[in-house]
There are 2 protein chains.
Amino acid sequence: MQRLTVQRQAILDLINASNRHWDADEVARALVDAGASIGIATVYRGLAALESLGLIDSIQLADKKRYERADKAHHDHMICTGCGHIEEFSHETIEVLQQQIAAEKAFRLTGHQLVMFGLCRDCAEELDR
Amino acid sequence: MQRLTVQRQAILDLINASNRHWDADEVARALVDAGASIGIATVYRGLAALESLGLIDSIQLADKKRYERADKAHHDHMICTGCGHIEEFSHETIEVLQQQIAAEKAFRLTGHQLVMFGLCRDCAEELDR
DNA sequence: AGCGTAATGATAACCATTATCATTATTATG
DNA sequence: CATAATAATGATAATGGTTATCATTACGCT
């Protein structure tokens, strides 16, 4: 059970075609604009299904969840509060330290999310002048 | 502008009285149970005001925002997906590494949130048997 | 006391997401 | 192949946390 239907394939293709971070509404809009016929509920269910299959990844932000293409390596995010741009980064040491901290507290770590907030170079310059 | 009214004082006292992580509804409920008269909208506004004054801190989780008493030192959170227990931790190196990463990308860091998900000792044991 | 400003409270509105349910598509099986 | 079983779809209602609205009340100040 868990079928890769045409709708889900379309969602997957869309997300795989870029390294954007999409919310459900953007996905629905893009697919409809591209001529597909897909309901918003189907988009939500499709995104959830694809994520559970490990075909796409997601970050849960304050307001909404955003999906991105599955990357081999885990990474974290840096979000510009000025323009909304999302930059990715990964740092092995930070990962290892988290495992140490979890181990110390006898915590069975299953996942984590690190988000850095701030201003990207452009927005910072904009603000300075 | 930004007055510390009786309602806001009550919210602040409640939060300062423990190291729980409260959501807005829990705060409202607790205050009403304690005999106070306060509307839910006032609780939301009060929490936002107190946070902006730096008198309380918050973590934004997927479903809702939770408030805790302001701590001198920044810390991050470890959340048990079994029982919902929230444990705090802080790690200087992780903080420093984030600053380095931001600097490398010319990102003006203003804040961050690191949440580790997993099972606390009790829930892990429960699951194993 | 009186004025300007901010806060309150009830409630409507918002917005992302999930649930419902009848219909349709897909897969499995005799 | 036919058809039964199961899962997915789509429209829409419902949910839940949070914010907006607006008339009323409280506060701070001269």
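Q: Which helices of chain A and chain B each supply at least two residues of the surface near DNA strand C?
A: In this predicted model, local features need pLDDT of at least 70 and side-chain atom pairs count only at pLDDT 80 or more, while totals for chains, interfaces and linings use all residues. Residues are numbered from 1 along each chain as its sequence is written, chains are lettered from A and ligands numbered from 1 in the order in which they are written, and side-chain values use heavy atoms, with hydrogens and water left out. A residue is near a strand if one of its heavy atoms lies within 4 Å of it; helices (H or I, at least four residues) and strands (E, at least two) are DSSP runs numbered from the N terminus. At least two residues each come from α3 (40-52) of chain A and from α1 (6-16) and α3 (40-52) of chain B.

Q: How far is a polar side-chain atom of B:R45 from a base nitrogen of DNA strand C?
A: A polar contact is a pair of N or O atoms within 3.5 Å; within protein, one must be able to donate a hydrogen and the other to accept it, and residues adjacent in sequence count only if both atoms are side-chain atoms. A polar backbone atom of A:K65 is 2.8 Å from a phosphate oxygen, and a polar side-chain atom of A:R3 is 3.3 Å from a base oxygen of DNA strand C. For the side chain of B:R45 and a base nitrogen, the distance is 2.5 Å.

Q: Why do the buried residues of α2(A) line one face of the helix?
A: Buried means under 20% relative accessible area, exposed over 50%, and partly exposed in between (1.4 Å probe, protein chains only). In α2 (residues 24-33) of chain A, the buried residues are A:A24, A:V27, A:A28 and A:L31. They line one face because, seen down the helix axis and judged by the directions from that axis to the C-beta atoms, they fall within an arc of 95 degrees.

Q: Which exposed residues does the face of α2(A) turned away from its buried side carry?
A: The buried residues of α2(A) pack against α1 (6-16), α3 and β2 (65-69) of chain A, contact meaning heavy atoms within 4.5 Å. The face turned away from the buried side carries A:R29 and A:D33.
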